[in-house]
Amino acid sequence: MSVPVDVERDFDLARLTTVRVGGRADMFARAGSVDRLVELLAYAEREGAAVGVVGSGSNLLVSDDGFRGLVLKLDGDLARIERDGDRLLCGAGVRLPSAAAKSANWGLTGLEFGVNIPGTVGGAVRMNANAYGGELARTLDWVDVCTASGCGRRTPEELGFSYRHSNLRDGEVVARAQFSLEQSDPETVKSTLAGMRSKRREAQPSGIKTFGSTFKNPDDPRAEGRSSGQLLDAAGCRGLRVGGASFSDKHANFVDNGGSATTADILALMAEGRRRVHELTGVVLEPEVQVLGEVEWPADWDLGGEG
Ligand SMILES: Cc1cc2nc3c(=O)[nH]c(=O)nc-3n(C[C@H](O)[C@H](O)[C@H](O)COP(=O)(O)OP(=O)(O)OC[C@H]3O[C@@H](n4cnc5c(N)ncnc54)[C@H](O)[C@@H]3O)c2cc1C
């Protein structure tokens with residue numbers, strides 16, 4: 001069976017993530033077109049290889065043992081933005097801050113929420129990313145989703161969006177998305193973006209190796225309306241360290257890789273934070289960060305079925 005061109009072996013995945021930890025993929029390839037993407041997915045299916053997709057790696061924790069299978073990253077045509085009147089056609093590899101900035105330059109409003117989300121359009125659809133009340137689904141017209149057998153179009157209603165969740169399964173790759181925006185004054189949109197950037201700088205750490213929110217905000221009355229960050233803070237986790245990883249001094253729901261962290265350090269830190277919050281409040285925090293590859297959660301991750 002022929003191997004598609006430019007499939008790399010034993011590829012270091014840590015550098016594809018913002019937290020910069022994790023091992024190597026057996027196989028790695030870039031897809032710059034829908035045809036190439038389907039070719040790679042079909043190859044993985046024929047070989048019985050698992051498929052992983054990396055966007056900006058901004059909510060991704062790669063196993064220290066890496067990934068046994070084929071990891072894909074979108075580039076070329078699948079990382080381009082085109083404008084058609086009030087519509088924006090984005091390759092799923094386009095970064096949301098770029099889409100937000102380009103829209104502002106064109107005087108289009110609707111994608112401002114993406115300015116502070118350092119992920120790609122594909123990752124945002126998979127994660128149903130959101131910030132400051134901006135709803136991805138509000139402006140999204142459709143996405144093209146590719147599998148080993150081809151591509152199909154889905155509307156937001158068909159993506160099963162809920163809090164940080166879509167119904168996309170492993171092996172289903174978002175290749176393109178179209179957004180319907182509205183005309184506005186470029187200077188107004190740009191000043192909204194500037195305001196959002198400065199609000200974010202005040203609230204969250206910058207310049208650290210992190211994957212953004214570690215845990216989802218809980219939907220549990222015992223949280224008494226507090227976010228995961230506030231609960232971790234109350235449980236004394238701000239600055240808590242395990243090996244080379246700590247919860248940020250500025251925002252307790254952000255893991256900070258001081259430089260030497262491993263994924264095992266981060267999992268142990270997450271388990272300790274979760275244990276402390278559970279002990280203090282009874283709330284069971286669930287990870288927002290997505291794991292790529294097989295990991296072993298520390299023994300104390302399981303809180304004995306309580307919650
Ligand atoms: C500093 C910082 C701030 C952040 N702020 C926010 C915020 O305000 N709001 C928010 O919602 N998130 C935030 N995040 C988290 C993150 O940016 C989002 O979850 C983002 O949507 C992830 O996109 P990504 O391209 O980086 O995906 P990755 O982290 O690479 O992957 C995440 C998941 O999406 C899947 N995926 C990626 N691309 C595709 C594709 N094309 N098709 C199918 N599946 C795909 C991956 O396989 C994985 O399961 C923040 C992260 C950081 C580091």
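Q: What share of the contacts in the chain, among those between residues at least 6 apart in sequence, join residues at least 24 apart?
A: In this predicted model, 67% of those contacts join residues at least 24 apart. A contact here is a pair of C-beta atoms, placed from the backbone, within 7 Å.

Q: What makes the radius of gyration of the chain agree or disagree with a compact globule?
A: Set the two values side by side: with 307 residues, a compact globule would come out near 19 Å, and the chain has 20 Å, so the two agree. Of the 307 residues, 43% count as buried. As for secondary structure, the chain has 7 helices and 18 strands.

Q: Is Ile117 called buried or exposed, and why?
A: Ile117 has 24 C-beta neighbours inside 10 Å. The cut-off for buried is 20 or more, so Ile117 counts as buried. Ile117 sits in the loop between β8 (108-109) and α3. Leaving aside residues up to four places away in sequence, Ile117 touches Leu96, Ala124, Ala129 and Ala131. As for Arg226, that residue is 109 residues from Ile117 in sequence and 22 Å away in space, C-alpha to C-alpha.

Q: Why is Asn128 called partly exposed?
A: Asn128 has 19 other C-beta atoms within 10 Å. Buried takes 20 or more and exposed takes 12 or fewer, so Asn128 lands in between and counts as partly exposed. Asn128 is placed in the loop between α3 and β9.

Q: How do you know which way β6 and β7 run, and what joins them?
A: Strand β6 (residues 81-84) and strand β7 (residues 87-91) are joined by 4 bridges and run antiparallel. Pairing needs at least two bridges, so with 4 bridges β6 and β7 qualify. One place to check is Arg83, which stands opposite Leu88 in β7. β6 and β7 form a hairpin, with 2 residues between them. In the turn, Gly85 has a positive phi of about 65°.

Q: In what sense do β7 and β13 pair, and over how many bridges?
A: β7 and β13 pair in the antiparallel sense, over 5 bridges. Within this pair, Arg87 has Ser180 in β13 as its bridge partner.

Q: How do you know which residues each domain takes in?
A: The bounds come from the domain assignment, which gives domain 1 (8-76), domain 2 (80-203) and domain 3 (221-296). The centres of domain 1 and domain 2, taken over C-alpha atoms, are 22 Å apart. Their contact takes 16 residues from domain 1 and 19 residues from domain 2. On the domain 1 side, α1 (34-47), β3 (50-53) and β5 (67-74) each supply at least two residues. The largest share of that side, 6 residues, comes from α1. By class, that side of domain 1 divides into 9 nonpolar, 5 polar and 2 charged residues.

Q: What makes up the shell around the ligand?
A: The ligand is surrounded by 32 residues, and the closest are Gly55, Gly119, Gly122, Gly123 and Gly212. Two or more residues come from each of β3, α3 (121-127), β9 (130-131) and β13 (173-180). α3 gives the most, with 5 residues. Domain 1 and domain 2 each provide at least three residues of the shell. By class, the shell has 15 nonpolar, 16 polar and 1 charged residues.

Technical notes: Residues numbered from 1 in each chain as written. Predicted model: local features only at pLDDT ≥ 70, side-chain atom pairs only at ≥ 80, totals over all residues. Rg over C-alpha atoms; globule rule 2.2 N^0.38 Å. Contact = placed C-beta atoms within 7 Å. Domains from an automatic or database assignment. Nonpolar A, V, L, I, M, F, W, Y, C, P; charged D, E, K, R; others polar. Near = placed C-beta within 6 Å.
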